Amino acid sequence: PCAGNMTRGVPGIPDVITYTILIKGVADSHNMYSGAKIMQLYREMRRRYRIRPDRRIVNAIVNSLAKSR
């Protein structure tokens, strides 16, 4: 895995934009487990790919968790 956001644009490797889209999609699913899935995606992003969150993904996470309640 690459450190930071150096994976942007590398085929087959997700980046912060990929995870932002995934988190927003999970939030829009209105599933009762969406909050847990959002946090699972965030941990995967940080641990597996070492992607640093930007302002957009933090806002998406906060808004998504607020919707999931």
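## Contacts of Thr 20

Contact here means heavy atoms within 4.5 Å, and in this predicted model Thr 20, once its neighbours within four places in sequence are left aside, is in contact with Ile 57 and Ala 60. Thr 20 itself lies in helix 1, and with a relative accessibility of 11% it counts as buried.

## Overall architecture

The protein chain holds three helices and zero strands, and its elements, read from the N terminus on, follow the order α-α-α. Of the 69 residues in the chain, 30% are buried.

## Helix 1 against helix 3

Two packed helices are described by the angle between their axes and the distance between the axes. Helix 1, which covers residues 16-28, packs on helix 3, residues 55-67, at an angle of about 10° and with the axes 9 Å apart. Because angles under 35 degrees count as roughly parallel, helix 1 is described as roughly parallel to helix 3, and the crossing of these two helices is left-handed.

From helix 1, the residues that take part are Val 16, Tyr 19, Thr 20, Ile 23, Lys 24, Ala 27 and Asp 28, and they meet Ile 57, Ala 60, Ile 61, Ser 64 and Lys 67 in helix 3. Sorted by class, this contact of helix 1 with helix 3 has seven nonpolar, two polar and three charged residues. Both partners named above for Thr 20, Ile 57 and Ala 60, belong to the helix 3 side of this contact.

## Helix 1 against helix 2

The axes of helix 1 and helix 2 come within 9 Å and cross at roughly 170°, which makes helix 1 roughly antiparallel to helix 2. On the helix 1 side the contact is made by Tyr 19, Leu 22, Ile 23, Val 26 and Ala 27, while helix 2 contributes Ser 34, Lys 37, Ile 38, Leu 41, Glu 44 and Met 45. By class, the contact of helix 1 with helix 2 has eight nonpolar, one polar and two charged residues.

## The aromatic pair

A pair of aromatic rings is described by the distance of the centres and the angle of the planes. With ring centres required to lie within 6.5 Å, the count comes to one aromatic pair. The rings of Tyr 19 and Tyr 49 have centres 6.4 Å apart and planes at 50°, so this pair is classed as tilted.

The pair links distant parts of the chain, since Tyr 19 is in helix 1 whereas Tyr 49, 30 residues apart from it, is in the loop between helix 2 (34-47) and helix 3. Tyr 19 counts as buried at 1% relative accessibility, and Tyr 49 is likewise buried, with a relative accessible area of 16%.

## Positive phi in two loops

Most residues other than glycine have a negative phi. His 30, although it is not a glycine, has a positive phi of about 55°; His 30 is found in the loop between helix 1 and helix 2, where at 65% relative accessibility it counts as exposed.

Arg 50, another residue other than glycine, also has a positive phi, near 55°. Arg 50 has its place in the loop between helix 2 and helix 3, and with a relative accessible area of 48% it is partly exposed.

Definitions and conventions:
Residues numbered from 1 in each chain as written. Predicted model: local features only at pLDDT ≥ 70, side-chain atom pairs only at ≥ 80, totals over all residues. Heavy atoms only, no water. Axes fitted to C-alpha atoms, helices over the stretch in contact; angles between N-to-C directions. Helix = DSSP H or I, 4+ residues; strand = E, 2+ residues; numbered from the N terminus. Parallel < 35°, antiparallel > 145°, perpendicular 65-115°, else oblique. Left-handed = near helix turned anticlockwise from the far one by under 90°. Nonpolar A, V, L, I, M, F, W, Y, C, P; charged D, E, K, R; others polar. Phe/Tyr/Trp six-rings, centres within 6.5 Å; stacked < 30°, edge-to-face > 60°. Buried < 20%, exposed > 50% of the residue type's maximum accessible area, 1.4 Å probe, protein only.
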